[in-house]
Amino acid sequence: MTNKKLRDSLEKAIKTFQKEARSLISQKSTHAAKAKQQNKDCIQYRLGKLQPHLQDLANQFLFGGYLHVRGFVNGAQVDKKIYLNAIEFYYHECKDKSPDNQRIKDYIMYHIPDETTTPVSMSKSAKELRQWRDNIFPLGTLHAHTSGVDITFEDPKGKFRASVLIREYIVVENLDFSNLRVEHRSTFLYDELLMGMNAMNGNSISITWQDTSKQSIEDTTTKGRVNVNLKELVDGQLVVQNTKDTRPWRFRRTTPLNTSADASTPVYRVHESFMKALHDDAENIIRKYIGKGVEFDSHKFIQEFTQRHQKEYIEALYVLRDCNGPFQELHSHIGIFLSKRSYLEKLGKEDSLNIFGYYSKDIGKWKY
């Protein structure tokens with residue numbers, strides 16, 4: 001059962017996941033018995049228990065905030081918002097007293113305890129690497145490696161290692177939401193975070209996760225991770241198998257990032273029942289209550305539409321209650337919607353009376 005709402009912060013969501021994961025680990029023997037009763041593989045049974053918690057956490061990463069990057073490049077201040085577009089989870093339960101066939105293993109991870117057979121003599125660098133792998137990353141560590149950048153959330157007590165790889169991301173520079181950049185190459189995130197940043201002359205570099213409750217949970221696709229084959233421990237050594245790892249631990253947005261008309265405000269999303277009513281009934285309302293060939297502006301349409309969809313209109317305003325101007329925000333979404341209708345002819349813009357009895361400038365004008 002997945003959580004239908006975003007939590008207040010990514011940190012709270014991660015701590016909830018950590019608690020649930022520890023609980024699942026403590027129930028390994030119980031899961032093994034239940035799997036046997038149902039004639040199921042124990043690992044597959046336990047993966048099924050874990051998946052809803054990964055989905056909840058994926059929703060928080062994808063829709064609950066962004067990485068905020070600030071600094072100076074060539075003397076100019078840089079302010080970037082990096083929204084996650086696709087992520088991949090990596091999760092490995094560390095060795096304990098329970099049988100190995102009950103443990104979820106993910107040997108492809110870069111940062112897990114070394115379980116290979118220890119040679120009689122080890123070089124200093126090999127010992128340092130093993131010691132590094134044994135250390136627990138603090139929550140929220142940015143771990144850069146050859147595949148990109150992870151955000152880590154390992155168990156403080158060492159029961160499991162976990163991280164999320166930022167596989168795809170969306171960049172908004174200097175609050176300019178009109179020029180989004182979608183990047184599918186995960187290793188290019190190194191450049192977005194640090195390339196050209198000046199660390200001298202008192203210039204500071206800041207990379208922080210910024211929570212926002214203004215986005216709502218939307219649909220995601222789940223697939224196997226990119227270029228990941230199973231990796232198993234065979235005779236004390238890790239061996240990459242020819243079998244693709246099909247665990248559905250890659251989560252991706254199915255809809256584009258929806259931005260506010262006012263790019264200086266957080267990203268807002270309109271209530272889905274309101275948008276459904278717009279898509280389903282807009283043309284019918286224009287045809288029936290405005291008329292074919294009649295010129296009208298966005299305010300006239302809003303008047304006719306809201307009269308017939310009052311419930312959806314109130315719900316949408318409630319979703320936008322934290323916005324500085326919820327009416328303006330919602331009406332701007334309606335204007336954008338009308339501008340994309342192929343059945344409408346755009347006639348330009350005009351000053352028009354809004355619902356408060358004041359004139360608004362540059363309101364779209366249309367003809368059906």
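Arg-308 lies over the face of Tyr-289, at 3.4 Å from the ring centre. By the cut-off used, a charge sits over a ring if NZ of Lys or CZ of Arg is within 6 Å of the ring centre and within 35 degrees of the ring normal. There is another case in Lys-292, with its charged end over the ring of Tyr-368, 5.5 Å from the centre.

Before going on, the basis. This is a predicted model, where local features need pLDDT of at least 70 and side-chain atom pairs count only at pLDDT 80 or more, while totals for chains, interfaces and linings use all residues. Residues are numbered from 1 along each chain as its sequence is written, and side-chain values use heavy atoms, with hydrogens and water left out.

Now the aromatic rings. A pair is described by the distance of the ring centres and the angle of the planes. Rings of Phe, Tyr and Trp (its six-membered ring) pair if their centres lie within 6.5 Å; planes under 30 degrees apart are stacked, over 60 edge-to-face, and the rest tilted. On that count the structure has 17 aromatic pairs. Take Phe-89 and Phe-251: the ring centres are 5.6 Å apart and the planes at 80°, so this pair is edge-to-face. It links distant parts of the chain, as Phe-89 is in strand E2 (residues 76-93) and Phe-251 in strand E11 (residues 250-253), 162 residues apart. Helices here (H or I, at least four residues) and strands (E, at least two) are DSSP runs, numbered from the N terminus. Both Phe-89 and Phe-251 are buried, where buried means under 20% relative accessible area, exposed over 50%, and partly exposed in between (1.4 Å probe, protein chains only).

Phe-301 and Phe-305 also have their ring centres 5.6 Å apart, but with planes at 20°, so they are stacked. They are four residues apart in helix H7 (residues 298-308), which means a separation of about one helical turn. Phe-301 has a relative accessible area of 0% and is buried; Phe-305, at 0%, is buried as well.

Ring pairs also build a cluster, made of Phe-17, Phe-61, Phe-89, Tyr-91, Phe-153, Phe-160, Trp-209, Trp-249 and Phe-251.

How many of the 18 residues of E2 are buried? The count is 15, so E2 is largely enclosed by the rest of the structure. Strands are taken as paired if DSSP finds at least two bridges between them. E2 pairs antiparallel with strand E1 (residues 65-73) over seven bridges, and Phe-72 has Gln-77 in E2 as its bridge partner. The hairpin of E1 and E2 has two residues between the strands, and Asn-74 there takes a positive phi near 55°. With strand E5 (residues 160-173), E2 pairs antiparallel over 13 bridges; here Phe-89 has Val-164 as its bridge partner in E5. E2 is also joined to E11, antiparallel, by three bridges.

Next, helix H3 (residues 42-63). Its 22 residues reach 32 Å from first C-alpha to last, close to the 32 Å expected at 1.5 Å a residue; the expected span is 1.5 Å times one less than the number of residues. Where is the kink in H3? It lies at Leu-50, is about 30°, and comes shortly before the proline Pro-52. The bend at a residue is the angle between axes fitted to the seven residues ending there and the seven starting there. H3 is mostly covered, with 19 of its 22 residues buried.

Strand E13 (residues 345-353) pairs antiparallel with E14 over seven bridges, and Glu-350 stands opposite Ile-363. In the hairpin of E13 and E14, with five residues between the strands, Gly-357 has a positive phi near 85°.

Asp-362, a residue other than glycine, also has a positive phi, near 55°. Its place is in strand E14, and at 53% relative accessibility Asp-362 is exposed. Asn-227 likewise has a phi near 55°; that residue is in the loop between strand E8 (220-223) and strand E9 (229-234) and is exposed at 73%.

Last, the cysteines. The structure holds zero disulfides, a disulfide being a pair of cysteine sulfur atoms within 2.5 Å. Cys-42 is buried at 12% relative accessible area, and Cys-94 is buried at 9%.
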